[in-house]
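Please examine the sequence and the structure before reading on.

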Amino acid sequence: MHTEGRPAPDNRTAWQTLLADLEERRTRSRAMGGPAKVARHTVAAPGRMSARVRVAALLDDDSFAELGTLTGGADIPADAFVAGSGLLDGRPVFVGAEDFTVQGGSIGPGAAAKRARLVRLAGQERAPLVTLLEGAGHRAGNALAGHTATPNDLQALADLAGLVPTVAIVHGPSAGHGALTAPLSDFVIMVEGTGALFTAGPPLVEAATGERVDKHTLGGSGVHCAVSGVAHNAVRDDTAALRLARRYLSYFPSHAWQHPPYAGADSGNTDTAPRATEALLDLIPPDPRRPYDVKTVLAEVFDAGTLLELQPAYGASIVTALARLGGHAVAVLANQPAVRAGTIDADAADKAARFLSVAGAFHLPVVFLADNPGVLAGTAAERSGVLRAAARLFAAQHRLRVPKLHLTVRKAFGFGSSVMAMNPFDAQTVSYALPGVTLGGIPAAAGAAAAKQDADTTRRLTANEASGPWRSANALSYDDVIAPTEVRDALLTGLTRARARLTGPIEPDRRPGYLP
């Protein structure tokens with residue numbers, strides 16, 4: 001009888017033994033630290049999830065494909081690092097999650113290799129990378145295994161900057177090597193009450209320096225979102241953190257060789273059309289000495305419900321935000337007159353410069369709203385390095401190759417005008433001013449007093465400062481002077497003018513990227 005090509009009758013039986021072994025190993029790995037440890041971990045704080053639940057909640061339903069499931073063997077499930085790829089709003093994304101229920105989420109040799117593989121895959125396949133942090137850094141037992149050369153995910157992560165969007169979420173304490181993932185990422189979210197970042201945790205700090213400190217005083221969200229600037233936004237729990245990561249990525253392309261995704265009516269954005277911004281007549285006081293909250297202005301100008309502020313508690317005299325304008329994703333840099341009249345200090349300048357680097361790398365047009373009396377002066381400001389920070393911000397806005405849309409709202413003095421892109425013939429797509437703006441190298445009254453000018457000269461300098469934007473417009477320092485009611489439509493005109501750059505091919509000879 002001819003049997004060539006026909007399966008042997010016992011093949012299926014033989015496979016069952018192998019498949020049962022595979023399923024048993026998978027089940028052990030997916031159990032993480034076991035039911036008891038997972039239960040203790042998740043009930044320790046309201047809203048806390050396990051590593052695998054976080055991954056599933058971040059991604060589209062049933063889209064996760066795991067990488068290195070069996071790393072670590074039977075004793076260290078997944079080597080304390082759950083990793084793989086999936087879909088986020090239908091787009092591919094890579095994700096890695098430290099599993100605190102397995103040896104405190106520490107990094108063993110297998111996890112180190114997996115982390116490096118994950119980051120390299122994100123660059124190779126040109127897809128965003130999200131890292132969920134809650135781990136103790138390198139595993140103490142690694143030293144007993146002897147020195148071996150292992151791949152380094154931090155090197156790969158540094159190379160990834162500006163090529164694909166990267167997000168880090170700090171769900172719990174994250175120390176050492178793992179914690180360095182955060183400052184090397186574009187956007188860092190911290191969970192209040194549980195998230196903490198530090199080079200070394202409280203026990204090591206005490207051993208090294210004698211200082212006794214708890215983890216949140218050392219590196220909690222109050223430290224890194226408001227004081228150090230290492231992290232961007234703090235949220236109440238894991239669910240809010242994962243939701244924020246999804247929203248942040250919705251403004252960005254999957255990689256730097258794409259334009260940002262357009263969000264029109266099909267995506268639920270019904271506010272894409274031109275419209276008058278009548279409310280600005282009530283929101284903006286013409287008197288430049290009176291404060292107002294620029295966030296209310298931004299909410300009126302941009303598509304309804306699309307404004308997402310980044311780093312709200314750090315460098316608060318400048319607002320950095322993502323938004324949509326006519327459905328197009330844009331980056332927004334605005335002085336905040338409600339904080340020291342909008343004066344730019346070192347923290348604000350540092351925050352803004354890094355924000356512009358990310359926006360430029362991923363082709364987001366930048367909208368500048370200038371309303372400041374200049375760069376902060378004084379001994380404390382000088383010692384903080386405000387000149388260096390302001391110079392870095394100036395260089396960042398100058399290097400932008402994306403459409404730049406500028407509006408001077410009420411005032412712009414000295415270097416405070418230049419860092420906000422009020423620079424004639426510096427590649428602005430549009431440059432506007434509202435009536436009544438006051439401009440100058442320094443405020444006239446202060447300058448006259450410093451130069452010991454007489455009363456008549458002081459009067460003429462002050463009158464010139466108060467003369468509005470007409471001289472600048474006459475010399476084409478501004479494209480036009482517009483009414484507050486025309487702000488949205490004027491900015492939309494800028495996007496129309498830049499349509500070729502918003503939709504055309506990315507320059508093939510330009511290697512995207514920036515220093516994190």
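What percentage of the 516 residues in the chain is buried? Buried residues make up 52% of them, where buried means under 20% relative accessible area with a 1.4 Å probe, protein chains only. The model is predicted, so local features need pLDDT of at least 70 and side-chain atom pairs count only at pLDDT 80 or more, while totals for chains, interfaces and linings use all residues. Residues are numbered from 1 along each chain as its sequence is written, and side-chain values use heavy atoms, with hydrogens and water left out.

The chain has 21 helices and 17 strands; these are DSSP runs, with helices (H or I) of at least four residues and strands (E) of at least two, numbered from the N terminus.

A search of the whole structure finds 2 cavities of 30 Å³ or more. A cavity is a set of points on a 1 Å grid over the protein atoms alone where a 1.4 Å probe fits but cannot get out, and lining residues have an atom within 4 Å of a point. A volume is the space filled by probe spheres set on the points.

| Cavity | Volume |
|---|---|
| Largest | about 60 Å³ |

Helix H4 (109–125) is one of the elements that supply at least two residues of the largest cavity's lining, and H4 gives the most, with 3 residues. Among the lining residues of this cavity are Phe-81, Arg-115 and Asp-153.

For the second largest cavity, strand S3 (residues 91–98) contributes the largest share of the lining, 3 residues. Its lining includes Arg-91, Pro-92 and Val-93.

Definitions and conventions: Buried < 20%, exposed > 50% of the residue type's maximum accessible area, 1.4 Å probe, protein only. 1 Å grid on protein atoms, 1.4 Å probe; cavity = no way out; pocket = protein on both sides within 12 Å on 5 of 7 lines; lining within 4 Å.
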